[in-house]
Structures are given as structure tokens and as C-alpha cells.
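Subject: Structure for you to look at

Dear colleague,

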Amino acid sequence: MRTLVLGRSPDRVAAVLATLRADGFDAEGASTDDEARAMLAGDGFGVLIIGGGVEPDSRAALKEFAAEHRVRRVVDGALSAPFDAYVRREFEPVIREVAAAG
């Protein structure tokens, strides 16, 4: 189950990716809408995580785009410290659920 993490802060995206990858998840990151769209259009992502810093208009447009490209779940996130604990508590269970649903 591939996961795309979109966030405006490259450092926070990197922190989320580090935790997901350390825990065995296949995850990629993006910091711009254009980058996220390009990735979603071509790579078969099942989950899109949108960070709290993504503007409402961008968030809505990306959710629509994700639905058109067979993304099965979009997760709205707003990281809180410690980041690794937040990722494990909020994001990983959703990714596992989507993967289990096949």
C-alpha cells in the first residue's frame, strides 16, 4: 500500500516519511500541489496524507484529484510532537486498514 504524504514543511514531511519507512510502509513525500498531482497521477497510491499547513482550497482540490486517481483514503493530519508517536497513532492504523480492505 503506497502512501503519499503532502506537507508544506519539507522537514515535517521528512519526519513522517522516516517513521513510516522505519515501520515498513511504502511512502513518498511532496511539498507542492503540482508535485503531489504528478505523483498521484502515475504511481498508484492508496492513501494520501495531507498536512495541516496545506491551504483549504488546495486541500479540497487535491482530495478531488485523489478520488479521480483511485486513492482509497485521504487523511487530514496536523502533526503534534512527538512526531513519530503521532504518525504511529494517527496515520499507520489508517494505512493498515486500507491495505487490509484490499
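Over the face of which ring does Arg 37 lie? Arg 37 lies over the face of Phe 65, at 6.0 Å from the ring centre, and Arg 2 lies over the face of Phe 45, at 4.3 Å from the ring centre. A charge is taken to sit over a ring if NZ of Lys or CZ of Arg is within 6 Å of the ring centre and within 35 degrees of the ring normal.

Before you go further, please note that this is a predicted model, in which local features need pLDDT of at least 70 and side-chain atom pairs count only at pLDDT 80 or more, while totals for chains, interfaces and linings use all residues. Residues are numbered from 1 along each chain as its sequence is written, and side-chain values use heavy atoms, with hydrogens and water left out.

I begin with the strands. Helices (H or I, at least four residues) and strands (E, at least two) are DSSP runs, numbered from the N terminus, and two strands pair if DSSP finds at least two bridges between them. Strand β1 (residues 2–6) has 4 of its 5 residues buried, so it is largely enclosed by the rest of the structure; buried means under 20% relative accessible area, exposed over 50%, and partly exposed in between, with a 1.4 Å probe and protein chains only. With strand β2 (residues 26–30), β1 pairs in the parallel sense over 5 bridges, and the chain passes from β1 through helix α1 (residues 10–22) to β2 in a right-handed β-α-β crossover. Right-handed here means that, with the strands pointing away from the viewer, the path from the first strand over the helix to the second runs clockwise.

β1 also runs parallel to strand β3 (residues 47–50), to which 4 bridges join it. β3 pairs in turn with β4 (residues 73–76), in the parallel sense over 4 bridges, and the bridge partner of Ile 49 in β4 is Val 75.

Two details of the backbone deserve a careful look. Arg 70, in the loop between α3 (56–68) and β4, has a phi near 60°, a positive value in a residue other than glycine, and a cis peptide bond, with omega about -10°, joins Ala 81 and Pro 82. Most residues other than glycine have a negative phi, and most peptide bonds are trans.

Finally, please turn to helix α4 (residues 83–101), whose end C-alpha atoms are 26 Å apart, which agrees with the 27 Å that its 19 residues should span at 1.5 Å a residue; the expected span is 1.5 Å times one less than the number of residues. The structure holds 1 aromatic pair, formed by Tyr 86 and Phe 91, whose ring centres are 5.4 Å apart and whose planes are at 85°, so the pair is edge-to-face. Rings of Phe, Tyr and Trp (its six-membered ring) pair if their centres lie within 6.5 Å, and planes under 30 degrees apart count as stacked, over 60 as edge-to-face and the rest as tilted. Tyr 86 counts as buried at 11% relative accessibility, as does Phe 91 at 3%.

With best wishes
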